[in-house]
Amino acid sequence: MEMEREQIEFDVLIVGGGPAGLAAAVRSMQIAREKGRTIEVALIDKGGEVGAHALSGAVVAPRAFEELLPDYRERGFPIEATVRGDLFGFMTKTRFYRVPMVPRHMHNKGFPIVSLSKVTRWMAGLAEEMEVNVFPGFTGKEVLYAEDGNRIVGVRTGDKGIDPEGKPKPNFEPGIDLMAKVVIFAEGARGSLAKEIDRRLNLSADRMPQVYETGIKEVIQLPEGHFFTRSAANDIHTLGYPLDLHTPGGGFIYEMGKNRVAVGFLVGLCYENPLLDPYDVFIRFKRHPFVSDLIRGGKVLEQGARTVSTGGYYTIPRLYADGALFAGAAAGFHNSPALKGVHAAVKSGMLAAETAFEALEKEDATAKTLSAYADRFEASWLKAELYEGRNFAQALAKKAPVKFIHLGAQYVTAGRGVVDPMATKEDARTLVPVAKASGKTVEPVDPSVYDGTLVVDKLTGVYLSRTIHREDQPSHLIVHDRELCVNRCWPEYQSPCTRFCPGKVYEMETDDVSGRRRLKLNPSNCLHCKTCDVKDPFDNITWTCPEGGEGPGYTLL
Ligand code: SF4
């Protein structure tokens with residue numbers, strides 16, 4: 001919509017209030033103070049408050065926080081529990097087999113177990129104390145380019161008060177043009193602006209395609225005297241059931257404070273069977289005898305879902321453009337063998353901030369100057385860590401038993417393995433038609449298992465995520481061709497969006513009179529997990545930001 005818009009100028013603009021964006025904000029102000037310079041830094045976040053959209057496991061490797069804030073513990077870093085011991089096991093349908101040797105990347109003893117939602121709220125408080133302009137409730141809707149069409153000069157925030165036809169309502173508020181010398185994009189995995197820039201500027205031209213896992217997580221209140229009060233291990237990871245050996249993924253169970261536990265399951269989005277439903281996988285995991293024993297008598301307090309970018313080193317795009325840097329999960333910083341991304345996000349945010357400040361000092365934010373960010377990453381411990389896991393996601397995506405040969409070879413060769421580099425394949429290209437998937441039908445979970453307390457269905461999960469969207473606005477989920485949904489996607493794949501979406505946003509309806517099928521959307525249920533943007537086999541769904549301040553309202557995840 002063309003109109004006069006307010007413009008505000010900053011030195012550094014950060015898009016995304018996750019660990020990468022907040023670390024960039026804090027580090028920017030630290031360096032400015034060290035150098036005796038005043039700079040204007042702004043951070044926007046699409047959640048109603050910072051932390052509302054933050055979800056992670058999360059056992060955190062503390063190294064990056066120790067570098068960013070050596071006294072982070074004294075300053076109130078919110079810790080739920082400390083890892084006393086690791087337990088790693090393989091599950092069949094009815095049994096749990098403890099693996100005697102926990103892989104070295106998963107040695108977490110002494111590490112803090114946290115709620116990322118709480119950690120990011122704490123970081124936002126520190127950033128505000130340092131006079132960062134933190135603006136929750138503002139979406140980055142559009143990237144602003146200079147007249148040459150390539151240099152990024154800012155971000156336009158989303159308009160508010162638009163009706164479903166796209167017309168302004170009486171309460172209409174136009175978005176603001178936030179201009180900056182350097183913009184740091186830290187929107188999290190599958191960031192919508194980072195995706196658009198990547199395509200326009202070809203940032204991933206010579207890289208492997210990024211790949212993802214979708215994680216569904218709950219925080220459960222347990223009764224007094226629960227399992228963890230008598231267990232040496234409070235950091236549990238599982239492989240196997242409910243997934244077959246060919247599909248990557250696994251479960252986690254972490255002790256939290258106040259007699260609570262975090263339970264989650266990740267499914268690799270390279271899965272092949274279009275009938276698979278990651279939510280059903282999560283429910284089957286919770287109902288496995290080993291897990292159900294741990295959570296017996298519990299009550300789900302909060303539930304959420306999010307994709308994780310797991311492709312690793314070879315999938316990291318070019319990290320800079322004229323006027324812009326890319327940090328955190330939006331740029332693929334994730335240590336997949338260790339199942340950890342928070343420390344990688346924090347470190348990448350710090351390195352981005354250091355590079356942005358150098359550009360301000362030189363009064364030169366060209367890609368040439370900002371390429372120092374990639375050099376900093378290459379020289380850092382983070383590169384060494386991610387490089388060791390450079391072929392891990394690729395090996396996991398192989399079928400058994402080949403995957404175990406690759407994983408074993410990588411384990412003893414510091415990541416090189418049998419083939420280096422191994423290729424990834426886009427997750428949207430891996431489904432096989434239902435006709436070819438016959439014989440491995442995935443039965444839906446029997447609805448009678450839902451008790452509304454410890455085992456909840458998708459819609460109750462949406463309620464427990466505190467997700468809200470105003471109904472009378474344009475759909476933020478763009479289905480480009482609805483005929484394709486009916487004429488190709490249904491016959492070939494039986495509409496996998498109706499299963500892979502954990503928010504029950506997509507439903508295939510049949511008209512009583514004409515018998516015609518029709519895709520129905522419930523965008524107000526959307527958990528902003530981005531699975532549909534990644535996994536749709538025809539790239540027919542694009543996730544865009546709804547009005548700022550909407551979406552999940554996580555407090556414990
Ligand atoms: Fe996730 Fe897409 Fe469903 Fe929203 S609509 S919950 S982003 S899969």
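Predicted model: local features only at pLDDT ≥ 70, side-chain atom pairs only at ≥ 80, totals over all residues.
1. A definition to start with: rings of Phe, Tyr and Trp (its six-membered ring) form a pair if their centres lie within 6.5 Å, and planes under 30 degrees apart count as stacked, over 60 as edge-to-face and the rest as tilted.

2. Residues are numbered from 1 along each chain as its sequence is written, and side-chain values use heavy atoms, with hydrogens and water left out.

3. Back to the Phe pair. Phe228 is buried at 2% relative accessibility, whereas Phe227 is partly exposed at 21%. Here buried means under 20% relative accessible area, exposed over 50%, and partly exposed in between (1.4 Å probe, protein chains only).

4. Another aromatic group may interest you: Tyr313, Tyr314, Phe333, Phe377 and Tyr387 are joined into a cluster by ring pairs. Tyr387 also has Arg390 over its face, at 3.9 Å from the ring centre, and Lys383 over its face, at 4.8 Å from the ring centre. For such a charge, NZ of Lys or CZ of Arg must be within 6 Å of the ring centre and within 35 degrees of the ring normal.

5. Now the ligand. The residues around the ligand number 13, and Cys501, Cys526, Cys529, Lys530 and Cys532 come nearest (a residue counts as near if one of its heavy atoms lies within 4 Å). This shell has 10 nonpolar residues, two polar and one charged. Ala, Val, Leu, Ile, Met, Phe, Trp, Tyr, Cys and Pro count as nonpolar, Asp, Glu, Lys and Arg as charged, and the others, Gly among them, as polar.

6. Where does the ligand sit? The ligand sits in the largest cavity, with more than half of its atoms within 2 Å of the grid points. A cavity is a set of points on a 1 Å grid over the protein atoms alone where a 1.4 Å probe fits but cannot get out, and lining residues have an atom within 4 Å of a point.

Technical notes. 1 Å grid on protein atoms, 1.4 Å probe; cavity = no way out; pocket = protein on both sides within 12 Å on 5 of 7 lines; lining within 4 Å.
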